[in-house]
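Here is a short briefing on one protein chain.

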Amino acid sequence: MDLEMSSMADALGLSVSVLTFLLCYVATIPISLFWRFIPRTFPKHIYSSLTGIVLCYLSFGVSSNLHFLISILIGYVSMLVYRPKCGLITFFAAFGYLIGCHVYYMSGDAWKEGGIDATGALMVLTLKVISCAINYQDGLLQDKDLREAQKKNRLLKMPSFIEYVAYCLCCGSHFAGPVFEMKDYLDWTEGKGLWSPSEKQPSPWGAVARALLQAAICMALYLYLVPYFPLTTFTNPLYRNWGFFKKLSYQYMCGFTARWKYYFIWSISEASMIISGFGFSGWMGTSPPKPKWDRAKNVDIFGVELAKSAVQIPLVWNIQVSTWLRHYVYERLVQKGKKAGFFQLLATQTVSAIWHGVYPGYIIFFVQSALMIAGSRVIYRWQQAMSSDLLQKILKFVNFTYTLMVLNYSSVGFMVLSLHETLTAYRSVYYIGTIVPIIVLLFGYIVKPPRRSKAQTKEQ
């Protein structure tokens, strides 16, 4: 068996550990399909828990389940012992444990060399245990003190331990997401809300076929492109002799190539969520109504590649994690009656950076992202202030070009991770992706866009 796995891995150009993970990851699709046929409700929780544990063991070994158990216990014990602050306790304790694992395993180096470990799955699990604890803490608050998302997701009573474990490990969903809420999981398992027997349930097969076709195209594109754009080129003497625009174009192509790997992973998880029925999020239209699968969706490929503004990126990339960051970090840092500003944006991006790992490249990338988004907002405000259609179109194109350039320049740090390689790549194009956002921000701070009259607004 080991010989067969080694031969298969060699043929695909993968390590045995990565091939094993991918096989287990794809296995989440039939496992999620069989979930439909398990009787409600307790048997479904047992099935979700056991399949998650087995997949973890096969993918990462015994130690992975021990790591996951510690994270799970951090959340559950905090809810059990001190409900008024259980969300805060879990946030710092679970994140602290995740950071410790990041430091111990330094998994970014392993991923770059073709290896894999459990920290990626632990990242998703950490978000789940934190959101569950925060929602249980929110259950103590009155409606007037809650935002709409808090009202929707809050937990009035504590879940049982088997419900909690099943939610955390459900059918291997913690491998790469998407992240979802405990309340939605309970409604799905118990046949309530959208999944009530009285509600019309859509056929998943068309959406599953689309997700699998998307996954196949994404993997094919990634495997085709990756040999042409190795990251080692950034430290190659040949790279230094290239012209400015060739270097900038190469940075774009490296970012473009790397994204197809993530598109593939998220397409598989989307198929898994849809086939289980959990990805269903309602109907749209009337003639005839079409099912929405937003809960399963983690990326909008065209939305990322053709983003008109950097502000759109969190709405179309790693969608469920971006939603988690908005609900559990960004919005909770905004004082009641006040508007969010650059501080909330920077703090949210910093949390995202730490969640990914402790490499300098991650920190630099997410600080860059905060600058990129803030700069894009300045351009958009000027765009909206223009009374001329031509000027609006010009500024729209400027925002698109700005987003394309800064995003792919910044993403080099996310890919190469080390401080030396990141700064080498940035320096080679004169830090253009850092300087431009700062100039735009300073310009927006010093020069305010003109206010449009009400008559001009109505004409638009």
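L69, L73, V77, L80, V81, Y82, I89 and F161 form a nonpolar surface patch of about 720 Å². Patch residues have over 30% relative accessible area and no salt bridge, and nonpolar side chains (Val, Leu, Ile, Met, Phe, Trp, Tyr) are joined within 5 Å. A salt bridge here is a side-chain nitrogen of Lys or Arg within 4 Å of a carboxyl oxygen of Asp or Glu. This is a predicted model: local features need pLDDT of at least 70, side-chain atom pairs count only at pLDDT 80 or more, and totals for chains, interfaces and linings use all residues. Residues are numbered from 1 along each chain as its sequence is written, and side-chain values use heavy atoms, with hydrogens and water left out.

**Helix α4 and the patch**

- Helix α4 (residues 62-81) gives the most to the nonpolar patch, with five residues. Helices (H or I, at least four residues) and strands (E, at least two) are DSSP runs, numbered from the N terminus.
- L69 sits in helix α4. Its relative accessible area is 39%, so L69 counts as partly exposed. The cut-offs are under 20% for buried and over 50% for exposed, with partly exposed in between (1.4 Å probe, protein chains only).
- The buried residues of α4 are S64, H67, F68, S71, I72, G75, Y76, S78 and M79. They pack against α3 (42-60), α5, α7 and α9 (161-169). Contact means heavy atoms within 4.5 Å.
- The 20 residues of α4 should span 28 Å at 1.5 Å a residue, and the end C-alpha atoms are 28 Å apart, which agrees. The expected span is 1.5 Å times one less than the number of residues.

**Helix α17**

- Buried residues of α17 include L345, V351 and W355.
- The buried residues of α17 pack against α5 (86-105), α7 (119-138), α16 (319-330), α18 (360-385) and α19 (389-416).
- Just after α17, G357 takes a positive phi of about 155°.

**Whole chain**

- The protein chain has 22 helices and two strands. Its radius of gyration is 23 Å, close to the 23 Å from the globule rule for 460 residues, so the chain is as compact as a globular protein of that length. The radius is taken over C-alpha atoms, and the rule is 2.2 Å times the number of residues to the power 0.38.
- Buried residues make up 51% of the 460 residues.
- The accessible surface is about 22,200 Å², with 68% belonging to carbon and sulfur atoms. Areas come from the Shrake-Rupley method with a 1.4 Å probe; for residues, only the protein chains shown count as cover.

Key:
Patches are made of residues with over 30% relative accessible area and no salt bridge: like charges are joined within 9 Å, nonpolar side chains (Val, Leu, Ile, Met, Phe, Trp, Tyr) within 5 Å.
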